[in-house]
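Student: I would like to go through this model one feature at a time. Can we start with the rings and then turn to the strands?

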Amino acid sequence: MPPLAPMTPVAQSAPERLRTLLVGEGCLAMPCCFDALSSRLIEQAGFPLSFMSGFAVSAARLALPDTGLTTVTEMLDHGRSICQAVTIPVIADGDTGHGNPANVRRTVTQFGLAGFAGVMIEDQLAPKRCGHTGVKYVVERAEAVARIRAAVDARDAGAGTLIMARTDARSALGLEEALWRLAAFADLGADILFLEAPRDESEMARACRQVPGVHVANMLEGGLTPILPPARLAELGYRIAAYPLTLLAAAVAAMTDALQALAAGRMPERQVDFATLRGILGFDAYDRLLEQYATPVGGP
């Protein structure tokens, strides 16, 4: 019998790649995407991970506010395109889990099947809203804990996706309640901890100090949390700095400027050239792929 050929190393799964990234020093910058193109640009710019922002998807796909109007089916459909466009790990916005603990388990499982490396689940009362637009209501402790427990169970039952556990209790009930929930989520086995809308550096530092784990800071321009550079966030104890709306806001500004130029009878000055655009979208790679099939097997 001939010797067995050496096994080809199996590529890491998306959750494995994310888990590997989380082990280390410093604070990882995580621009958030809103479609497949923005996720590809994030990867090509050298960023190691991304997050599919529910706010940004609701804006880009529906032109509607982030107030729970986007369905889980729409998010999954949008997310598959995002995950297929890149090789970096992407975390999904799972909102409240879209129902009771059974729904949470299915939501986490479905996002895993769509290709996501992780899923965020939060404790707002459904329908949820953007955490920096005046959150007044979160679910009771027992329900908040049950959601994260169900999400972790789905992960451990085979979904594999890491769980980002978020609390909006800081705005609704105060910092002490938010920290209690964060600690409870950590005890349940959440992989990433997310205190939404801390008001200053002291609150941000206290969250990391009081609740050990991997923390994410939400850097929303014009929001309730101070915008800090990654180096400072690392000093406070954060491993990830999320930029949820930076690309969406920049895109809106650029498109508005372009439309104003066209309305004035001018071509917009700031654009990528056609060759660059073709390269980003993979036209050349597509043509090379077709060339592989141009000659029949066995020669002409």
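**Rings, strands and a buried arginine**

Tutor: In this predicted model, the count of aromatic pairs comes to one. That pair is formed by phenylalanine 111 and phenylalanine 116, with 5.4 Å centre to centre and an edge-to-face arrangement.

Student: What is the angle between the planes of phenylalanine 111 and phenylalanine 116?

Tutor: Planes over 60 degrees apart count as edge-to-face. The pair of phenylalanine 111 and phenylalanine 116 falls in that class, and the angle between the planes is 80°.

Student: Is phenylalanine 116 buried or exposed?

Tutor: Buried means under 20% relative accessible area. Phenylalanine 116 has 1% relative accessibility, so the residue counts as buried. Its ring partner phenylalanine 111 has a relative accessible area of 0%, so phenylalanine 111 is also buried. For phenylalanine 116, the term asked for is buried.

Student: Which residues of β4 point the opposite way from Gly118, Met120 and Glu122?

Tutor: In a regular strand the side chains alternate between the two faces of the sheet. β4 covers residues 118-122, and five of its five residues are buried. Gly118, Met120 and Glu122 point one way; the other way point Val119 and Ile121.

Student: Which residue of β4 is the bridge partner of isoleucine 91?

Tutor: β3 (residues 90-93) and β4 pair in the parallel sense over three bridges. These two strands and helix α5 (residues 101-114) make a right-handed β-α-β unit. The partner of isoleucine 91 in β4 is glycine 118.

Student: And which residue of β5 is the bridge partner of valine 119?

Tutor: β4 and β5 (residues 162-167) run parallel and are joined by five bridges. The partner of valine 119 in β5 is isoleucine 163.

Student: How far is the charged end of arginine 141 from the centre of the ring of tryptophan 180?

Tutor: A charge sits over a ring if, among other conditions, CZ of Arg is within 6 Å of the ring centre. Arginine 166 lies over the face of phenylalanine 194 at 5.3 Å from the ring centre. For arginine 141 over tryptophan 180, the distance is 3.7 Å.

Note on methods
Residues are numbered from 1 along each chain as its sequence is written. This is a predicted model: local features need pLDDT of at least 70, side-chain atom pairs count only at pLDDT 80 or more; totals for chains, interfaces and linings use all residues. Side-chain values use heavy atoms; hydrogens and water are left out. Buried means under 20% relative accessible area, exposed over 50%, partly exposed in between (1.4 Å probe, protein chains only). Helices (H or I, at least four residues) and strands (E, at least two) are DSSP runs, numbered from the N terminus. Two strands pair if DSSP finds at least two bridges between them. A crossover is right-handed if, with the strands pointing away from the viewer, the path from the first strand over the helix to the second runs clockwise. Rings of Phe, Tyr and Trp (its six-membered ring) pair if their centres lie within 6.5 Å; planes under 30 degrees apart count as stacked, over 60 as edge-to-face and the rest as tilted. A charge sits over a ring if NZ of Lys or CZ of Arg is within 6 Å of the ring centre and within 35 degrees of the ring normal.
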